Amino acid sequence: MATPELSSDCSRCFGLCCVLLPFSAAAGFGVDKPGGTPCLNLADDDRCRIHATLREDGWPGCTVFECFGAGQQVSQVTYGGVSWREQDNLPEMAAVLSVVRALHEMLVHLDEVSRRSPDPAAAAARAEVEGLTGADPETLLTFDLDDLHERVGGLLAEASSRVRRRHPAADDRSRADLAGRRVSGDHRGWTFRGAILIRADLRAADLADADLLGADLRDADVRGCDLSTTLFLTQPQANAAIGDHATVLPDGLRRPRHWAA
């Protein structure tokens, strides 16, 4: 089994996120759309007609979303290159896509553990998760995803603690509501797991080794921020934030195109 890719490649996907997933205008998707209905911007070749101007046309939600490579995995591996156009099982495909996306996100985080704080238990979990990504739809929809998520979450927490122990004065702001707040000063090694940082001003913050797992960074101002050593920052979080040419991202993350504007 080939190692799954962990970043989206729309050229090898059948536009699954544009068809299978529901979205709403309030969340930045231009219109309300139920799951299983193709987006009005999806062309017959499964490409987006307005991909180059999504934000300008009122679809910023699409520029934030990232499937972690689940789209091409489901398209080319799980369903063997057979498009949704040739099948009558859209609800199943939608459920499979959600499961595989969760698995791929786990792999992204477990790969970071292997780089920042290697651990045999985390390596074993990664092998288990990778094996599941190549499974058939029935296996993907019947195994205990909640149990796996809990086990992987524990391993990520342990890795975070190992990295952050070099900052004994670090605070825990997990799930804190910091929306619209100015978050400045020394936050080295702090944990912001699940924190609400919507429209927060992080420009003057030292976030070395800060844990950002699951933090809501929508419109958070990270211009000029050095985020290179933050823990568990993902592409969707970076896409949702406001950065600039001086923002430094961790290795492996792409600089969002809209930051240049």
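Colleague: What is the relative accessible area of Leu6?
Modeller: This is a predicted model, in which local features need pLDDT of at least 70, side-chain atom pairs count only at pLDDT 80 or more, and totals for chains, interfaces and linings use all residues. Residues are numbered from 1 along each chain as its sequence is written, and side-chain values use heavy atoms, with hydrogens and water left out. A residue is buried under 20% relative accessible area, exposed over 50% and partly exposed in between, by a 1.4 Å probe with protein chains only. Leu6 counts as partly exposed, because its relative accessible area is 22%.

Colleague: Which residues does Leu6 touch, not counting residues up to four places away in sequence?
Modeller: Leu6 lies in the segment before α1 (16–20). Contact here means heavy atoms within 4.5 Å. By that rule, the residues touched by Leu6 are Phe68, Gly69, His104, Leu107, Val108, Asp111 and Arg126.

Colleague: Is Arg175 buried or exposed, and at what relative accessibility?
Modeller: Arg175 is another residue other than glycine with a positive phi, near 60°. The place of Arg175 is in the loop between α7 (145–164) and β1 (185–186). Arg175 counts as exposed, because its relative accessibility is 66%.

Colleague: Which helices do the buried residues of α3 pack against?
Modeller: In α3, 7 of the 9 residues are buried, so this helix is largely enclosed by the rest of the structure. The buried residues are Ala70, Gly71, Gln72, Gln73, Val74, Ser75 and Thr78. After α3 comes Gly80, whose phi is positive, near 60°. The buried residues of α3 pack against α1, α4 (90–116), α5 (120–133) and α6 (137–142).

Colleague: What are the centre distance and plane angle of the Phe23 and Trp59 pair?
Modeller: Rings of Phe, Tyr and Trp (its six-membered ring) pair if their centres lie within 6.5 Å; planes under 30 degrees apart count as stacked, over 60 as edge-to-face and the rest as tilted. By this rule the count comes to 3 aromatic pairs. Phe23 and Trp59 form an edge-to-face pair, with values of 5.9 Å centre to centre and 85° between the planes.

Colleague: How many residues apart are Phe23 and Trp59, and what is the relative accessibility of Trp59?
Modeller: Phe23 and Trp59 both lie in the loop between α1 and α2, and their pair links distant parts of the chain, 36 residues apart. Phe23 is buried, with a relative accessible area of 11%. Trp59 counts as buried too, because its relative accessibility is 6%.

Colleague: What plane angle is found for the rings of Trp190 and Phe192?
Modeller: The centres of these rings are 6.0 Å apart. The pair of Trp190 and Phe192 is stacked, because the planes are at 25°.

Colleague: Which residue lies over the face of Phe23?
Modeller: Ring pairs link Phe23, Phe29 and Trp59 into a cluster. A charge sits over a ring if NZ of Lys or CZ of Arg is within 6 Å of the ring centre and within 35 degrees of the ring normal. At 5.0 Å from the ring centre of Phe23, the residue over its face is Lys33.

Colleague: With which residues is Asn41 in contact, leaving aside its neighbours within four places in sequence?
Modeller: Asn41 lies in the loop between α1 and α2. Asn41 is buried, with a relative accessible area of 9%. Its contacts are Arg47, Cys48, Arg49, Ile50 and Trp59.

Colleague: What radius of gyration does the protein chain have?
Modeller: The radius of gyration is taken over C-alpha atoms, and the globule rule is 2.2 Å times the number of residues to the power 0.38. The C-alpha trace spans about 55 × 45 × 25 Å along its principal axes. With 261 residues, a compact globule would have a radius near 18 Å, which agrees with the value for this chain, 19 Å.

Conventions
Helix = DSSP H or I, 4+ residues; strand = E, 2+ residues; numbered from the N terminus.
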